[in-house]
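Subject: Structure handover

Hello,

Here is the structure I promised to pass on. Please open it alongside this email. My notes follow below.

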Amino acid sequence: MSVPVLVAGAGPTGVMVATLLARHGVRSLVVDPHPGVYPLPRAVHLDDEVMRILQAAGVAEEFAEISHPAPGMRLLDGDLRTIAEFRRDGGPGHSGWPQANMFDQPELEELLRVNLARHPEAELRPGTEVVGIDQDGCGPVLVRLRDVASGRQEEVRAHVLLGCDGAGSITRHHVGARMRDLRFAERWLVVDVRCAKPLEVWDGVHQVCDPDRPATFMRIGPERYRWEFRVGPGETIDGAALMRLISPWTRGVPETELRMLRQAVYTFRAQVADRWRRGRVFLLGDAAHLTPPFIGQGMGAGLRDAANLAWKLALVLSEGGDERLLDTYQAERAPHVTSMIRLAIAVGRAMTGRAKAGRMLLSQVERLPAAVRSRSPRLCRGPLVRPRRPWGDLAGTLPPQPWVTVDGRHQRLDDVLGDSFAILSLAPLDPVLTALARRLRARVFDLRTTPIDDGTLTRWLLGARAAAVLLRPDRVVLAAAPLAKGTAAITKDAAAWLPLLPPSRTIPITAERNGIT
């Protein structure tokens, strides 16, 4: 059997990357050793940027129906008195969705799998595990699969293997990657409870900043609640001790009303693989990185991996894009996820009361509003993130996503832009950029002559003194042009990245003065 892409692991990252590949017309086989969705909740939060990835996969509206926006966060001292409060209004953030979305992971995974089944390009095979990987250079990958129930094995030849197989990844072993430790390891007790009677508590996230027993509490859904408590080496908490820990939030509710879904001790770690690729084998999600949960970016990091890699793979596999295009995956994602993990560590240490004195704690708390906002760091400069200019700072960021009206239809911006390149402009496109847009099959909107939104996009461009931006298929700004120089500046250094794209998208475009050949 031969497939273009074999995905090892049918968690959120694996199903997402298969879905995005299918939307680009790339076939894949997704295997997972479990017979179905893992039934216990794990991740509970996605931000508005990651909601755009769900939107690209076609499930954001359905996800919004099974999730709820968190109204913010309270930092509490050891006596549960409020130190500080950071509120969100529940409305859309920069990316057009609520900034903090709480959910039940099994429900999301079921939603993702149902959506995957709508795409004939993707096949999901549960109860099947990867037991062997072999590849010769950068050629096809020979993968040995085993049916968990029968033990029967078969070999599959794949042009690409995507390792979405979690922290114990067999794919990572084949890649030869080592996990770089970012010096964080703590044992935490995670408790999930279902209670039909609403708990009489504030609806946002409660973070207890107590050096002796830091804790987190949050409502996940209409009847779902989660607690997390740091535990010491060898410490066990159950029975009456556990009831005492959660009692400040459950007062007035009989124990018989509390249905314990899970209580387990986990070691929260901070690690990033030193290499994410070997030939045509790639690592995504927990196979490539592990993060503490303090800013709720664990699952989101894997979905960001999927969004970054899928469109690049599609250009290489389906249209003959340069293999070097795939080198930008780790170059862009590893620094980004490392920055997010370091932020999670810093926020965790501030919120869990690791500061040596109250004054130091409060000084760190003052910085938390910026840390808990959903805007993530920009992607580092590279072939697909062109040099940032002194007049603006948009490259490597996401544009805002307002509602727009195009051809009489009122839609979110990303739905209008589609799965390819796009140009947003405040000036007429010069002939070279016009030719580039045609070859990239980019959707072009001149916001000056065809206003499509409420002015959000215009204000965003003017705020950065930009005349135009070129957006990648994952909606990241590839390059921008200054107002003073017009749209031609986007193509000024295009020779640095055009050769990575499929020839059918980049030739013939000639303009010697702009360095395009």
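In which sense do strand β22 and β23 pair, and over how many bridges? Strand β22 (residues 422-425) pairs with β23 in the parallel sense, over 4 bridges. Two strands count as paired if DSSP finds at least two bridges between them. Helices (H or I, at least four residues) and strands (E, at least two) are DSSP runs, numbered from the N terminus.

A word on the source. This is a predicted model, in which local features need pLDDT of at least 70, side-chain atom pairs count only at pLDDT 80 or more, and totals for chains, interfaces and linings use all residues. Residues are numbered from 1 along each chain as its sequence is written, and side-chain values use heavy atoms, with hydrogens and water left out.

**The sheet around β22**

β22 and β23 belong to an open sheet of 4 strands. The order is β23-β22-β24-β25, and the pairing is mixed. β23 (443-446) and β25 (477-482) are the edge strands, each pairing on one side only. From one strand to the next, the twist averages 10 degrees.

**A second sheet**

Another open sheet has 3 strands, in the order β3-β7-β4. Its pairing is antiparallel. The edges are β3 (45-47) and β4 (68-69), and each pairs on one side only. β3 pairs with strand β7 (residues 100-102) over 3 bridges, in the antiparallel sense. Asp47 has Ala100 in β7 as its bridge partner.

**Two helices side by side**

Now the helices. Two packed helices are described by the angle between their axes and the distance between the axes. The axes of α1 and helix α7 (residues 298-319) come within 8 Å. They cross at roughly 25 degrees. Axes here are lines fitted to C-alpha atoms, for helices over the stretch in contact, and angles run from 0 to 180 degrees between N-to-C directions. So α1 is roughly parallel to α7. The cut-offs are: under 35 degrees roughly parallel, over 145 roughly antiparallel, 65 to 115 roughly perpendicular, and the rest oblique.

Which residues make the contact (heavy atoms within 4.5 Å)? From α1 come Pro12, Thr13, Met16, Val17, Leu20 and Leu21. From α7 come Met299, Gly302, Leu303, Ala306, Ala307, Ala310, Leu313 and Ala314.

**Buried residues**

Thr19 also sits in helix α1 (residues 12-23). Is Thr19 buried or exposed? Thr19 is buried, at a relative accessible area of 2%. Buried means under 20% relative accessible area, exposed over 50%, and partly exposed in between (1.4 Å probe, protein chains only). Leaving aside neighbours within four places in sequence, Thr19 is in contact with Ala57, Asn115, Leu116 and His119.

Val31 is in strand β2 (residues 28-32). Val31 counts as buried, with 2% relative accessibility. Beyond neighbours within four places in sequence, the contacts of Val31 include Leu6, Val7, Ala8, Arg125 and Leu145. Val31 and Val15 are 16 residues apart along the chain, and their C-alpha atoms are separated by 9.7 Å.

Arg52 lies in helix α2 (residues 48-57). This arginine is buried, with a relative accessible area of 5%.

**Two residues with positive phi**

Arg475 turns up again here. Its phi is near 75 degrees, a positive value in a residue other than glycine. Arg475 lies in the loop between β24 (466-471) and β25. Arg475 is buried, with a relative accessible area of 5%.

Asp407 also has a positive phi, about 55 degrees, although it is not a glycine. Asp407 is in the loop between β20 (403-406) and β21 (409-412). Asp407 is exposed, with a relative accessible area of 73%.

**Cysteines**

How many disulfides are there? The count comes to 0 disulfides, taking a disulfide as a pair of cysteine sulfur atoms within 2.5 Å. Cys164 counts as buried, at 10% relative accessibility. Cys195 is buried, with a relative accessible area of 1%.

Best wishes

Methods: Contact means heavy atoms within 4.5 Å.
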